[in-house]
Amino acid sequence: MLTHCDKSLKFVGFSHFFHQDPMELQNLYNSHGQFIDGAWRPGSESASDMINPATEISLGEMKPAGAAQVIEAIAAAYAARASMRALTAWSRSALLRRAATLIHERAETLGRLVALETGKPIRQAVGEAKASAESVDWFADEARRVFGMSYESRVKGDRYLVQMEPLGVVAAFVPWNFPLLLLARKMAPALAAGNTLVIRPSSEAAGATMALIKCFEDAGFPRGAVNLVVGRPADITPTIMNDPRVVKVSFTGSVPVGRQIVEQSAITLKRVSMELGGHAPVIVHADADIDAFAAMAAPGKFRNAGQVCASPTRFYVHESIAQEVEDKLVAATRALRVGSPLDDATDLGPLATRRRREAIEQMIDNAVSGGARVLTGGARPQGLERGYFYEPTWLTQLQPDASVLNDEPFGPVGTLSTFSTLDQVVTEANRLPFALAAYVFTRSLTKTHATIDRLQAGVIGVNTFVASTAETPFGGSKDSGYGREGGPNAIRDYLDTKFVNVAMPTDAK
């Protein structure tokens with residue numbers, strides 16, 4: 001449970017950075033920027049505009065980090081290893097608890113930053129901030145539960161000891177779609193285990209990331225334990241990957257970039273955790289509660305405008321209920337509100353970038369040209385001439401080779417297909433190289449087990465679209481990556497195992 005931290009750590013908030021002018025976050029970008037060796041500083045490269053995806057207006061200019069600053073950040077993290085190792089597990093736990101409390105206290109401000117920079121609706125963005133606090137709070141407990149072993153040797157009186165130790169410098173690469181939660185799920189176990197961090201976030205969510213790092217700074221972590229470098233991946237990633245002082249990389253992002261990271265990690269034999277793309281199937285059996293399903297499916301599919309790696313995307317509905325499901329799903333989708341991410345009533349904001357919207361438009365055009373039927377959506381919404389908005393869209397009657405059925409959409413589009421047998425739908429669900437999330441809807445326990453036992457996915461929701469909580473493991477297999485974030489085993493990815501054979505000396509007579 002979160003507790004209120006010491007008042008001396010209470011932060012005044014970022015409210016003074018919010019203005020009603022086009023350069024709304026300029027003061028934040030100026031006063032923060034890069035966080036290296038315990039100090040905020042501007043980047044060394046030429047400034048670039050940070051664009052509000054809802055208005056296409058600049059939020060401010062930010063100077064990105066250059067390669068030299070990345071090297072400074074790595075050096076600071078490397079030097080801080082001793083400070084982190086000097087902390088007891090209970091001390092690390094207390095620091096994480098303070099950070100969690102600060103994140104929870106600042107959730108409204110953090111959420112607003114996410115909404116401004118990425119277009120995520122404010123209710124969802126604040127929810128992300130609170131979920132981030134929960135994740136850090138969970139690992140505050142896990143820090144005190146890193147247990148070794150002591151057991152009897154083959155030699156009478158001797159002992160075998162197994163102890164867990166931090167790895168050292170960890171690099172965390174995170175995207176823009178969940179800039180707070182995805183980073184918290186990497187930072188918290190790494191710090192709980194006693195490691196230090198070099199963080200490369202997405203520039204599209206630079207300000208929100210700065211505000212999150214500020215919570216860890218204010219919590220009192222040792223100087224150099226947490227370092228933030230914001231900038232172009234081409235300037236940052238190779239420097240981190242080529243440096244042998246960085247011993248582990250935790251990456252969340254696309255499959256192609258993930259492959260590159262894995263290949264580069266081989267040069268210095270870095271450990272890697274990969275949380276990559278998904279294309280989640282949804283199987284709706286004939287006995288499913290259709291009303292409950294439709295009420296969950298519309299907001300579940302279009303949360304964060306579908307820009308979620310575990311987003312339900314390929315919907316397979318039993319042919320006996322297909323028409324009823326289609327009608328109710330379309331009705332529920334048309335009831336969603338598309339609008340300003342700062343409006344509490346908004347269900348869908350804009351996509352995060354112009355490129356993302358163009359990719360969705362191209363994918364839908366490809367499907368329609370192949371004979372697909374648009375049930376609802378399929379266009380830019382009227383009355384929203386500025387911003388990267390797109391209507392929530394359902395497609396049906398697709399050709400098997402349609403790109404939307406084979407490539408991760410990562411946007412506000414879902415597909416509807418029918419099935420007649422379990423064998424047929426499981427084969428189709430498992431056809432793609434992705435294996436991150438899947439969802440099943442049925443009232444039958446027999447059908448539940450028959451389906452989940454055959455689905456290839458790291459996370460499965462049964463009669464729910466909730467795929468992740470702080471206390472549960474999240475991750476996939478196949479092209480969706482490997483390793484798990486969250487839950488009681490996640491901290492193990494940030495620990496090394498040391499075996500000690502203790503031969504007891506013979507007492508002197």
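Angles under 35 degrees count as roughly parallel, over 145 as roughly antiparallel, 65 to 115 as roughly perpendicular and the rest as oblique. The model is predicted: local features need pLDDT of at least 70, side-chain atom pairs count only at pLDDT 80 or more, and totals for chains, interfaces and linings use all residues. Residues are numbered from 1 along each chain as its sequence is written, and side-chain values use heavy atoms, with hydrogens and water left out.

**View 1. Packing of helices α2 and α9.** Helix α2 (residues 67-79) packs against helix α9 (residues 233-242) at about 40 degrees, their axes 9 Å apart. Axes are lines fitted to C-alpha atoms, for helices over the stretch in contact, and angles run from 0 to 180 degrees between N-to-C directions. The two helices are therefore oblique to each other. Contact (heavy atoms within 4.5 Å) involves Ala-67, Val-70, Ile-71 and Ile-74 of α2, and Asp-235, Ile-236, Thr-239 and Ile-240 of α9. Helices (H or I, at least four residues) and strands (E, at least two) are DSSP runs, numbered from the N terminus.

**View 2. An open sheet of 7 strands.** The order is β14-β15-β16-β13-β12-β18-β19, with mixed pairing; two strands pair if DSSP finds at least two bridges between them. β14 (373-376) and β19 (459-462) stand at the edges with a single partner strand each, so one side of each has no neighbour in the sheet. The twist averages 25 degrees from one strand to the next.

**View 3. Strands β12 and β13.** β12 (residues 280-284) and β13 (residues 312-318) pair in the parallel sense over 5 bridges. Val-282 has Phe-315 of β13 as its bridge partner.
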